Amino acid sequence: MDEWQYKPAGDHGLKPQESLRSLKRETGLVASVTQAAWRLAVRGYLRGYHRLRVDGREHLPAQAPFVMVANHTSHLDALTLASALPWRLRQSAFPIAAGDVFFETPAMMLFSAMMLNALPMWRKSCGPHAMKRLRERLIGDPAIYVLFPEGTRSRDGSLGRFKPGLGMLVAESSVPVVPCYLHGAFEACPPKGKMPLPLPIHLRIGPPLQFADVANERAGWQDIATRLETAVGALRERNTP
Amino acid sequence: MLGIHPVAFWITVFIIAVLAITPLIFLALDKTGKLSPSLRTDLWTRYKSWVVLAPLMVAPLLIHRLTAIVGVGVLSLLCYREFSRATGLFRERAISAVVVLGILLVTFAEADHWYAFFVALSSLTISALVIVALFADQPKGYIQRVALGIFSFSLFGVCLGHFGYFANDKRGSAFLLSILLCVEMNDIFAYCSGKLFGRRKLAPQTSPNKTIGGAIGAAILTTALFATLIHFIAPGTAVDRPQHLIALGLLLSVTGQWGDLVMSSIKRDLGVKDLGVTIPGHGGLLDRFDSLIFVGPAMFHYIGYFLGVGLDQPVRVFTGN
């Protein structure tokens with residue numbers, strides 16, 4: 001007879017606030033309901049208000065793990081990318097969000113964890129340790145990450161340089177990285193704007209890239225960032241209306 | 001509804017007095033220099049937790065039968081949450097949903113004062129758990145998933161649910177407060193008598209700090225306390241006879257200590273120190289309320305056998321015509 005296996009929640013033993021911002025946080029029954037409700041509301045909003053169009057869904061891998069990367073111009077970006085995922089993958093998907101914005105106050109923490117299912121990335125002190133944790137979870141869970149390698153929202157809508165940190169997650173692994181380009185999000189929801197405007201958003205998903213043969217060290221990470229930047233840039237070119 | 005029962009009133013006064021005097025005792029002990037800094041911090045953390053916890057436990061019992069029932073329902077849900085996150089059962093969404101639904105329905109049956117439904121929910125929820133677990137079509141681990149679901153529903157839905165049902169009795173608040181007080185005192189008595197007379201370990205593998213001396217001391221003191229309280233709650237009734245008063249007291253003390261040992265066993269098996277971090281200084285809710293779990297059904301059915309529970313109150317409040 002097999003021994004029973006108990007696996008406590010990754011965030012077991014953490015205080016509520018620590019648990020909300022922990023990279024090991026696991027969704028329970030309540031959060032899975034609030035996240036599903038949030039997802040339905042966001043999908044309805046994006047389709048109704050922004051007439052969201054998604055091309056290239058066939059490029060999304062059928063199961064986790066994988067990473068979606070895209071240009072970053074607005075707060076709608078992560079919501080749009082996550083909503084493009086099929087329903088059955090929703091609980092594996094984690095937007096990687098700036099800790100100093102999304103995990104600073106208790107109210108924001110609650111929103112980021114219970115609605116977005118986001119995991120924090122601390123821009124000021126994002127050491128290799130945190131990246132290692134994220135990588136372990138990506139492959140171990142397995143999980144789906146939605147992240148923006150520019151590291152911040154573009155102030156003018158152009159595509160900025162991709163930071164190499166992303167390479168630490170996928171170098172020397174078979175985890176596919178799906179390049180995406182978001183068109184129209186900047187106009188619909190610019191960084192300085194207050195209310196989103198009812199302008200169309202178009203998401204184009206490209207064929208995934210893999211980096212099993214790229215060395216998991218500094219030069220390799222830079223190589224991965226450059227290749228993904230090119231892939232996302234290429235989607236933009238094709239995307240000009 | 002009928003005003004506060006005198007025994008419930010005096011227990012409340014006692015609890016307030018204890019909470020008021022405790023800081024003075026701490027300060028006096030501190031003056032003698034007998035408290036190490038870590039012990040002092042620990043005592044204050046525990047005390048502060050009690051200051052929050054005691055009103056949260058006592059007030060719902062005093063206000064109305066429905067607040068008591070909802071309070072027990074919330075406690076059951078929170079206990080299930082801790083248990084399922086410590087065992088990993090929370091990842092089985094369908095099973096978790098059935099357990100939560102079961103607890104909600106148990107709470108409804110109590111609020112409705114519908115005993116037949118309250119009883120029926122045991123077999124119905126267990127059946128639902130066994131069946132719902134089929135739908136994933138993954139036989140690997142099926143028995144473990146189902147068994148953990150049934151185990152947790154039995155402990156937190158059915159057993160704890162008996163406290164909620166007690167609230168339907170006109171003496172409910174007095175019974176419930178007496179039980180709560182005696183279960184907590186039982187822990188304290190066991191600790192103190194263990195310090196004084198404890199030599200032989202009670203169950204060294206399960207809980208190394210418990211001694212036979214502590215268990216016996218607690219049984220004697222708790223029996224005396226609980227018997228006195230029941231005598232004043234139900235004077236002249238069928239349970240107000242020495243043999244029943246003693247039996248009730250012993251039963252409360254023993255089932256309370258067993259509840260403690262059960263949760264220790266669960267923690268040892270899981271390899272965790274505490275089941276949660278809900279209450280500073282105590283650990284999780286389950287670490288605090290473990291002793292209550294089996295006391296509920298034991299008291300409910302013993303008292304119910306002789307006196308009935310809520311027999312003179314309207315039944316099927318919501319579902320009846």
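1. Two residues are in contact if their C-beta atoms, placed from the backbone, lie within 7 Å. The structure discussed in this note is a predicted model. In chain A, the buried residues of H5(A) pack against helix H1 (16–20), helix H2 (29–49), strand E3 (93–98) and helix H4 (99–102).

2. Which residues of helix H5 (residues 106–116) of chain A are buried? They are Met109(A), Ser112(A), Ala113(A) and Leu116(A). Because these residues cover an arc of only 120° around the axis, they lie on the same side of H5(A). Pro106(A) and Ala107(A), on the other side of H5(A), are exposed. Just after this helix, Asn117(A) adopts a positive phi of about 60°.

3. The two chains meet through contacts between twelve residues of chain A and 14 residues of chain B. The side of chain A that touches chain B consists of six nonpolar, four polar and two charged residues.

4. The largest nonpolar core has 74 residues, and those that touch the most other members are Cys79(B), Leu160(B), Leu176(B), Leu177(B) and Ile179(B). Helix H6 (residues 142–166) of chain B supplies the largest share of this core, eleven residues. Apart from this core lies another, of 61 residues, including Ile96(A), Leu119(A), Tyr145(A) and Val146(A).

5. Leu160(B) deserves a separate entry. If residues up to four places away in sequence are not counted, Leu160(B) touches Val72(B), Leu75(B), Ser76(B), Cys79(B), Leu292(B), Ile293(B) and Gly296(B).

6. Where are the cis peptide bonds described here? One runs from Ala64(A) to Pro65(A), with omega near 0°. Pro65(A) is situated in the loop between strand E1 (53–55) and strand E2 (66–70) of chain A. Another joins Asp141(A) and Pro142(A), where omega is about -15°; Pro142(A) belongs to the loop between helix H6 (128–140) and strand E5 (144–147) of chain A.

7. Glu172(A) is not a glycine, yet its phi is positive, at about 55°. This residue is found in the loop between helix H7 (167–170) and strand E6 (177–183) of chain A. Glu172(A) counts as partly exposed because it has 14 C-beta neighbours inside 10 Å.

8. Asp137(B), a residue other than glycine, also has a positive phi, near 55°. Its place is in the loop between helix H5 (115–132) and H6 of chain B.

Key:
Residues are numbered from 1 along each chain as its sequence is written. Chains are lettered from A and ligands numbered from 1 in the order in which they are written. This is a predicted model: local features need pLDDT of at least 70, side-chain atom pairs count only at pLDDT 80 or more; totals for chains, interfaces and linings use all residues. A residue is buried if 20 or more other C-beta atoms lie within 10 Å of its own, exposed if 12 or fewer, and partly exposed in between; C-beta atoms are placed from the backbone. Helices (H or I, at least four residues) and strands (E, at least two) are DSSP runs, numbered from the N terminus. The arc is that of the directions from the helix axis to the C-beta atoms. Ala, Val, Leu, Ile, Met, Phe, Trp, Tyr, Cys and Pro count as nonpolar, Asp, Glu, Lys and Arg as charged, and the others, Gly among them, as polar. A nonpolar core is a set of buried Ala, Val, Leu, Ile, Met, Phe, Trp, Tyr and Cys residues joined through C-beta atoms within 7 Å.
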